[in-house]
Amino acid sequence: MDQNTQLLLQGKDLTYAKKGIGIGLLAGATWGLDGVLMGMVLGLAPFTNNMSIFAAPLVGACLHDGFSTLWLFIHNVINGKWRDYARTLKTRPAKMIILAAILGGPIGMSGNLLGIYFAGASYTAAITAAYPAIGAILGSIFLKEKISRRVWGGIILAIIGSFIVGMVPPEGSAYPHFYLGIGLAAVAAVGWAIEGVMSTYGMDLVDSDIAIGIREATSFLVYIFAILPLFGGVAYQILSDSFTTPSGWYIALIGLVGATSILSWYRAMNMTGVGRAMGLNVTFALWSVFFGWLLNNLQVTPNLIIGVVIISLGTIFTIGNPKDLVNLRSR
């Protein structure tokens with residue numbers, strides 16, 4: 001291969017990686033927007049007209065993952081992959097994905113939306129953004145992965161940032177159960193971290209679009225048949241009523257935003273590397289503050305901004321060398 005050809009290929013790789021960075025930022029921005037919009041919808045009927053403070057956000061989570069499943073299926077049909085669902089479900093990696101989905105969906109997503117309901121989208125996003133740091137700790141315990149000094153420094157920063165965010169609630173009485181929300185957001189972060197550790201094997205051997213489709217479908221089915229029944233008729237009444245008000249259809253559109261975020265994240269990992277993609281994806285905490293301020297009159301407090309920035313930096317240190325996020329030629 002002559003020098004001109006090598007330079008041409010390097011240029012194409014660089015352009016491809018830069019496009020991947022743009023898609024990674026899209027993943028972070030859309031997930032930040034997803035959380036803010038869900039927080040706004042959970043403040044509307046029928047999610048405010050019930051006797052159970054837990055049922056409403058869990059019904060919202062069920063609807064969110066159900067519509068995300070639908071949009072992802074449509075995406076896979078358009079791309080001619082719909083037959084791969086049945087073939088993939090017969091494989092061993094698919095069973096790992098399903099198990100991981102239960103942890104990331106009904107546990108992770110439930111904790112996320114309950115956190116949004118009780119503490120607000122931006123505070124919840126700040127806490128859940130620490131999930132890669134938690135994943136690094138779990139990886140060291142269960143996968144015997146070594147943790148470098150840089151990663152330990154990132155984990156410590158993420159913990160400090162989470163403490164800063166959670167120690168001071170927003171002023172006013174909008175979130176009387178603020179600390180409960182922070183605790184549930186931490187549950188979401190742990191759920192997503194465990195999901196990441198468990199799904200690593202499956203995602204490596206299964207088409208990512210199909211894996212994500214199976215993941216969302218599993219989460220939706222567990223909500224419908226295992227979680228909502230715990231609340232009896234209340235949950236199903238909220239679910240039914242959501243389609244007689246604009247709220248259910250708002251969540252249908254928000255599910256499209258969430259599906260876009262997931263697809264963008266996995267596409268970015270393929271184009272620009274896992275470390276960069278995760279570093280860009282966790283900017284959803286910053287995007288959540290921006291969209292909360294823009295769309296929902298979020299009160300931007302100093303502890304929120306400082307905590308979000310520290311968590312984001314800590315997470316970037318945890319998943320890779322910060323220089324690698326911009327030094328594309330090292331890819």
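Mentor: Helix 5 passes helix 14 in a left-handed crossing, meaning that the near helix is turned anticlockwise from the far one by less than a right angle. The model is predicted, with local features requiring pLDDT of at least 70 and side-chain atom pairs pLDDT 80 or more, while totals for chains, interfaces and linings use all residues. Residues are numbered from 1 along each chain, and side-chain values use heavy atoms, without hydrogens and water.

Trainee: At what angle do helix 5 and helix 14 pack, and how far apart are their axes?

Mentor: Two packed helices are described by the angle between their axes and the distance between the axes. Here the angle is about 25 degrees and the axes lie 9 Å apart. Helix 5 is therefore roughly parallel to helix 14, the term for angles under 35 degrees.

Trainee: Which residues meet in this contact?

Mentor: Ser 122, Tyr 123 and Ala 126 of helix 5 meet Asn 303, Leu 304, Val 308 and Ile 311 of helix 14, contact being heavy atoms within 4.5 Å. Five of these residues are nonpolar, two polar and none charged.

Trainee: How many cavities of 30 Å³ or more does a search of the whole structure find?

Mentor: Rolling a probe the size of a water molecule over the atoms shows where empty space is left. The search finds one such cavity (on a 1 Å grid, points where a 1.4 Å probe fits but cannot get out; lining residues have an atom within 4 Å of a point). The largest cavity holds about 70 Å³. Its lining includes Trp 31, Asn 112 and Phe 284, and divides into five nonpolar, five polar and no charged residues.

Methods
1 Å grid on protein atoms, 1.4 Å probe; cavity = no way out; pocket = protein on both sides within 12 Å on 5 of 7 lines; lining within 4 Å. Points joined across faces, edges and corners; volume = space filled by probe spheres on them. Nonpolar A, V, L, I, M, F, W, Y, C, P; charged D, E, K, R; others polar. Axes fitted to C-alpha atoms, helices over the stretch in contact; angles between N-to-C directions. Helix = DSSP H or I, 4+ residues; strand = E, 2+ residues; numbered from the N terminus. Parallel < 35°, antiparallel > 145°, perpendicular 65-115°, else oblique.
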